[in-house]
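Here is a short tour of the fold, its contacts and its cores. Have the viewer open beside the text as you read.

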Amino acid sequence: SPLTMDTEALRILRFCCMHGIPVVCAPAPISAATAPATLSGTLVQTHAEALAGVVLAQVFSPGAKVLYGAVPTTMDLRNMEYTMGSTETALLNAAIVQMARHYRLPIYASGGVTEAKRPDIQAGCEKSFSNLLVALNGADLVHLAAGMLDSGNSISYEQFVIDDEIIGMVQRMVKGIRVDSNTLAFDVINKVGPGGNFVLEDHTVEHMMDEFFYPKLGVRCNFDVWEQKKRPDMLSRAGDRVKMILSSRKEGLLGHEIVSAISKKFPEIVCL
């Protein structure tokens, strides 16, 4: 951005399209820097750039599997800092999902980004809002959704597992409330009657696992029990979970020979 495409990116796009590899060509305009300062102006430019990627994919190979892609972001103009975690970035990505859906194109949007430098309250706020907004608007794929801190400049293992929990909550919200003759529960309400309880009812057992999200990291216990457990919080529990995962980790999915072949074919890609 604005309105250009890198030669190497186009070469990779063409290679993927010609070989049937699903691909996304995602512009990343920065409002007030490489795009207009108004959010609507940024969306106009982003839309043009994203559609250009879709069109080129079809030129390279008609029927190519391509997603409408976009990563619109902003800057803090008071100090010229790049701000992927801004409220406006969340709004832009939610809006761009609607624009892609207007053209009935699958959408690769961005969420779960933050300016925070470590897993903290700021990270939780910014990540939750952006992930929820793009999910509620119907994004098919949410890019950058987990692990990222400091506008994508760093990654935290603890943040990965915290984000996994945030995404679980978001997915539960997107799922919504199921309404049918069974979930309306007329029969069991009538059976239990005034003053009863539903704990041991078959209806409760039947629905206890699919109606509720059960957090792995969130603290749900009385205060005295929490103190007895030495006051755990999401971050401390995330640290414990990271240690457990790393202690049982397996080798990477890609073999060294595959990584080497990719690096030789596309030297501009950094293969970790």
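Ser110 has His143 as its bridge partner in S7. Around this residue pair, S6 and S7 run parallel to each other, paired over 3 bridges. Helices (H or I, at least four residues) and strands (E, at least two) are DSSP runs, numbered from the N terminus, and two strands are said to pair if DSSP finds at least two bridges between them.

Zooming out, S6 and S7 belong to an open sheet of 4 strands with the order S1-S3-S6-S7 and parallel pairing. Its edge strands are S1 and S7 (141-143), each of which pairs on one side only. From one strand to the next, the twist averages 35°. Helix H2 packs on this sheet, where it touches S1 and S3, and its direction makes about 165° with that of S3. Contact here means heavy atoms within 4.5 Å; axes are lines fitted to C-alpha atoms, for helices over the stretch in contact, and angles run from 0 to 180 degrees between N-to-C directions.

## How to read the values

This is a predicted model, in which local features need pLDDT of at least 70 and side-chain atom pairs count only at pLDDT 80 or more, while totals for chains, interfaces and linings use all residues. Residues are numbered from 1 along each chain as its sequence is written, and side-chain values use heavy atoms, with hydrogens and water left out.

## The three-stranded sheet

Another open sheet has 3 strands in the order S2-S4-S5, and its pairing is mixed. At its edges lie S2 (30-31) and S5 (81-83), each pairing on one side only. S2 pairs with S4 (residues 73-76) in the parallel sense over 2 bridges, and Ile30 has Thr73 as its bridge partner in S4. Helix H3 (residues 87-102) lies across S4 and S5, running at about 160° to S4.

## Nonpolar cores

Which residues have the most contacts inside the largest nonpolar core? They are Cys17, Val23, Tyr68, Ile96, Ile107 and Ala109, in a core of 22 residues. At least two residues of this core come from each of H1, S1 (23-25), H2 (39-60), S3 (66-69), H3 and S6 (107-110). A nonpolar core is a set of buried Ala, Val, Leu, Ile, Met, Phe, Trp, Tyr and Cys residues joined through side-chain atoms within 4.5 Å. Buried means under 20% relative accessible area, exposed over 50%, and partly exposed in between (1.4 Å probe, protein chains only).

## Salt bridges

The whole structure holds 8 salt bridges, each being a side-chain nitrogen of Lys or Arg within 4 Å of a carboxyl oxygen of Asp or Glu. One of them joins Lys127 and Asp163, with the closest N and O atoms 2.8 Å apart. This pair links distant parts of the chain, since Lys127 sits in H4 (residues 121-136) and Asp163 in H5 (residues 157-175), 36 residues apart. Are Lys127 and Asp163 buried or exposed? Both are buried.

Glu8 and Arg11 meet in a salt bridge at 3.1 Å, N to O. Both lie in H1 (residues 7-18), 3 residues apart, about one turn of the helix. Glu8 is partly exposed at 32% relative accessible area, and Arg11 is partly exposed at 36%. Arg231 and Glu227 also form a salt bridge (2.6 Å, N to O). Salt bridges that share partners join Arg178, Asp180 and Asp210 into one network.

## Aromatic pairs

There are 3 aromatic pairs in the whole structure. Rings of Phe, Tyr and Trp (its six-membered ring) pair if their centres lie within 6.5 Å; planes under 30 degrees apart count as stacked, over 60 as edge-to-face and the rest as tilted. Phe15 and Phe266 have ring centres 5.0 Å apart and planes at 80°, so this pair is edge-to-face.

Phe15 lies in H1 and Phe266 in the segment after H10 (256-265), 251 residues apart, so the pair links distant parts of the chain. Phe266 counts as buried at 8% relative accessibility, whereas Phe15 is partly exposed at 24%.
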